[in-house]
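Please look at the sequence and the structure shown below, and keep both at hand while you read this report. Each section takes up one part of the chain and describes how it sits among its surroundings.

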Amino acid sequence: MTLAEAAARADELAENGSAQELATLRAEWDDELEAAARSADFRERALAFRAVGLFRWRAKEELLRRGLDDGSPAARGSALLSLELLSRDHPSTVNSVRPLLHKMTADEDENSAVRRLAVLTLKNGSAQRETIVLLEGLAADDGADDNLRRAAGGVAQGLKRRAQEKR
């Protein structure tokens with residue numbers, strides 16, 4: 001079985017609520033995942049970062065944080081996909097990397113798809129004012145990619161609604 005196949009299996013187990021089998025699979029693939037995340041090949045790193053999310057591996061969140069700084073847009077994107085997946089039920093996952101996501105969103109990442117993924121990941125975090133302001137500014141930026149502007153506007157509106165519901 002390859003890491004990609006193991007990650008797909010882990011995703012199935014997580015969806016089915018098979019916690020014990022998932023834990024066993026994690027233990028079997030721990031070393032291989034760590035090695036892939038340190039690979040010189042960006043494709044292996046991207047696969048490793050994506051696998052963290054599919055394995056629902058919260059203990060590897062620090063690895064994803066490193067993935068956000070990877071030189072490859074594919075690896076950064078994979079790390080963002082995993083962060084988004086892990087943060088759906090746990091906003092603390094996004095909140096812990098919020099400054100990095102803000103930097104990636106605020107034109108620091110040269111890849112527009114990575115910036116858009118960073119914006120979409122922010123939707124699962126807490127509705128903090130500075131995030132909403134950043135996203136609204138990006139949505140109003142005529143120089144920004146249209147898809148990025150739409151994503152930023154939609155996420156900003158969702159966060160504002162969530163903040164108003166808490167009041």
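## Arg 115 in helix α8

At a relative accessibility of 10%, Arg 115 counts as buried, where buried means under 20% relative accessible area, exposed means over 50%, and partly exposed lies in between, with a 1.4 Å probe and protein chains only. Arg 115 lies in helix α8; helices are DSSP runs of H or I with at least four residues, numbered from the N terminus. When its neighbours within four places in sequence are left aside, Arg 115 is in contact with Met 104, Thr 105, Ala 106, Asp 107, Asp 109, Leu 138 and Leu 148, contact being defined as heavy atoms within 4.5 Å. From Arg 115 to Val 155 there are 40 residues in sequence and 13 Å in space, taken from C-alpha to C-alpha.

The model is a predicted one, in which local features need pLDDT of at least 70 and side-chain atom pairs count only at pLDDT 80 or more, while totals for chains, interfaces and linings use all residues. Residues are numbered from 1 along each chain as its sequence is written, and side-chain values use heavy atoms, with hydrogens and water left out.

## Helix α10

Helix α10 covers residues 146-166, and its 21 residues should span 30 Å at 1.5 Å a residue, which agrees with the 31 Å between its end C-alpha atoms; the expected span is 1.5 Å times one less than the number of residues.

Which residues of α10 are buried? They are Leu 148, Ala 151, Ala 152, Gly 153, Val 155, Ala 156, Leu 159 and Ala 163, and these buried residues pack against α8 (112-122) and α9 (129-140). As a general point, an α-helix has 3.6 residues a turn, so residues three or four places apart point the same way.

## Helix α2 and its kink

Helix α2 (residues 19-37) has a kink of about 50°, centred on Trp 29, where the bend at a residue is the angle between axes fitted to the seven residues ending there and the seven starting there. Trp 29 is also among the buried residues of α2, together with Leu 22, Leu 25, Arg 26, Leu 33, Glu 34, Ala 36 and Ala 37, and the buried residues of this helix pack against α1 (3-16), α3 (42-54) and α4 (61-67).

Ala 36, which is in helix α2, is buried with a relative accessible area of 9%. Ala 36 and Phe 55 are 19 residues apart in sequence, and their C-alpha atoms are 15 Å apart in space.

## The loop between α3 and α4

Arg 56 lies in the loop between α3 and α4, and this residue has a positive phi of about 55° although it is not a glycine.

## The nonpolar core

A nonpolar core is a set of buried Ala, Val, Leu, Ile, Met, Phe, Trp, Tyr and Cys residues joined through side-chain atoms within 4.5 Å. The largest such core has 45 residues, and those with the most contacts inside it are Leu 33, Phe 55, Leu 101, Val 119 and Leu 135. Apart from its neighbours within four places in sequence, Leu 135 is in contact with Thr 105, Val 119, Leu 122, Ala 152, Val 155, Ala 156 and Leu 159.

## Salt bridges

Side chains of opposite charge can pair when their charged atoms come close. A salt bridge is a side-chain nitrogen of Lys or Arg within 4 Å of a carboxyl oxygen of Asp or Glu, and a search of the whole structure finds 18 of them. The side chains of Glu 84 and Arg 88 form one at 2.8 Å, N to O; Glu 84 is buried at 12% relative accessible area, whereas Arg 88 is exposed at 52%.

Lys 123 and Glu 84 also meet in a salt bridge through their side chains, at 2.8 Å from N to O. This pair links distant parts of the chain, with Lys 123 in the loop between α8 and α9 and Glu 84 in helix α5 (residues 73-86), 39 residues apart.

Methods. Helix = DSSP H or I, 4+ residues; strand = E, 2+ residues; numbered from the N terminus.
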